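Here is a structure to explore. Have a look at the sequence and the fold, and then we'll walk through how some of the pieces pack together.

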Amino acid sequence: MVKQREPIIAIATPYGESAIGMIRISGLGVLEKVKKYVRTKGEIKPRYAHFFALLDEDGQVLDEGVLIYYKSPASYTGEDMIEMCLHGNPLILKRALELFLKEGIRLAEPGEFTKRAFLNGKLDMTQAEAVADLINAKTDLARKVAIRQLQGELSKYVNSLREKLIQLLAYVEADIEFSEQDIPTISREEILQVLKEVQNSIETLMSTVKAGELLRKGINLAIVGKPNVGKSSLFNALLGRERAIVTEVPGTTRDFLSEELHMEGVPINLIDTAGIRETEDVVESIGVKRSIDSINSADMVLFVVDASKPLEKDDWDVYNLVKQRDHIKVLNKVDLGLDPSIAKIFPDGVRVSAKMGDGMQDLKKVMLEKLGVFGYEGMKVYVSARHAQLLKKSLEIIEPLIHSLEKQDISPEILALELREALVYLDEMVGAITTEDVLSAIFSRFCIGK
Ligand code: GDP
Ligand code: ZN
């Protein structure tokens, strides 16, 4: 079952000076290949921490460290593996790498260790994906979700659905083969019941995708509005610290600033843009162009107006740029009073005073609601866009199947065919079947050495 592939190597720790730097080697015959450069007191035994000296081509000591040998199949990749902890100096690690590259061990591709672990059945696909999620997690909630997925929570959920369909398929196929004989069969009602359960579970899983993608990727949130409405003040108030420059001269934020903010475990990339309006000023017009760009790349926009005065043409110009997008209207400067016309035009606007810090909690709440972050407290797993796409395809088979079963009996042959197709997508989700394209798409987003 476990296959040992050609040896690969990578530096697994970040580049730069550190206490320890780790080199990872995996594949067929790695122990033989490194032995020549390694001096230990006794024989190298699997799963022992060996104090060792790393020797160069001339037998000179290059560095000292700790070496652990994992014998196949009891390793991360399932192959023979060696991990060397050396001193964390890029010079040492690079020299060590060179030595082993000369021995014919090739440099690992991003995520290749985990890919091998997957190919050797050490992890399924959702678990392998969780390794990358875990490494990239920017908030504690994102980390929690990733570690649960790594421990197989999502696989368990999907596998239970697969098992239900497989069971159903077994009944239906028995029905086809032995239809003339007297064997227990499954009724249409029972089939319908199972399919509806599966449908419900898939819908529940799919409902977590928005929050799941938010947790994994974070969102870009752009603050826009005409000059001087208080964008930079709002940026600072949301961050809870001074970062953007606030001035009374309109058009001061010439470029744009961005900072990461964590709200309820969601990583948010907050962007303060320059005021948008037509301008002659060259420097500002670059800022203006960028803010239009940042609106276009934003997942959500905070559209800010000075709510103490009636709206002006500039406000409408900006509004026309954002109204088609996911946005929240922020009525700022309410400490100076709320202009009645504004309250009428934007009744759903969130009233705040960025300067006084009033209304920030309300604004955050509206943001989280809009982002769809609430309502998943009971969920242990959050699916990714890839998962949701496969779940949707599976549902696109199951739903019509339920409808036609409700209306009439369908032949067991057709039923079996449809069930098998619905299963294919769930199989793909956990990686029971994969293609090389899917594999490379998934593992290319990993870092080297993982
Ligand atoms: P931007 O050009 O949109 O980034 O606006 P700034 O944040 O630089 O603010 C412009 C001016 O409005 C500054 O003088 C701020 O002190 C003032 N300002 C911003 N927010 C408020 C607010 O909520 N209340 C009051 N009274 N003044 C504000
Ligand atoms: Zn500003």
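Two residues are in contact if their C-beta atoms, placed from the backbone, lie within 7 Å. Helices (H or I, at least four residues) and strands (E, at least two) are DSSP runs, numbered from the N terminus. With that in hand, Thr114, Ala117 and Phe118 in α3 meet Met125, Ala128 and Val131 in α4. Sorted by type, the residues of this α3 and α4 contact are 5 nonpolar, 1 polar and no charged. Here Ala, Val, Leu, Ile, Met, Phe, Trp, Tyr, Cys and Pro count as nonpolar, Asp, Glu, Lys and Arg as charged, and the others, Gly among them, as polar.

A quick word on the source: this is a predicted model, where local features need pLDDT of at least 70, side-chain atom pairs count only at pLDDT 80 or more, and totals for chains, interfaces and linings use all residues. Residues are numbered from 1 along each chain as its sequence is written, while chains are lettered from A and ligands numbered from 1 in the order in which they are written.

Two packed helices are described by the angle between their axes and the distance between the axes. Axes are lines fitted to C-alpha atoms, for helices over the stretch in contact, and angles run from 0 to 180 degrees between N-to-C directions. Here are two pairs:

| Helix pair | Axes come within | Crossing angle |
|---|---|---|
| α3 (residues 112-119) and α4 (residues 125-136) | 10 Å | roughly 165° |
| α14 (residues 385-407) and α15 (residues 412-430) | 8 Å | roughly 165° |

Angles under 35 degrees count as roughly parallel, over 145 as roughly antiparallel, 65 to 115 as roughly perpendicular and the rest as oblique. So α3 and α4 are roughly antiparallel to each other, and α14 and α15 are therefore roughly antiparallel too. What about handedness? A crossing is left-handed if the near helix is turned anticlockwise from the far one by less than a right angle, and right-handed if clockwise. The α3 and α4 crossing is right-handed, and that of α14 and α15 is left-handed. The α14 and α15 contact has 8 nonpolar, 2 polar and 4 charged residues.

Now for the strands. Two strands pair if DSSP finds at least two bridges between them. An open, mixed sheet of 7 strands runs in the order β3-β4-β5-β6-β2-β1-β7. β3 (38-40) and β7 (106-107) are at its edges with a single partner strand each, so one side of each has no neighbour in the sheet. β7 pairs with β1 (residues 8-11) in the parallel sense over 2 bridges.
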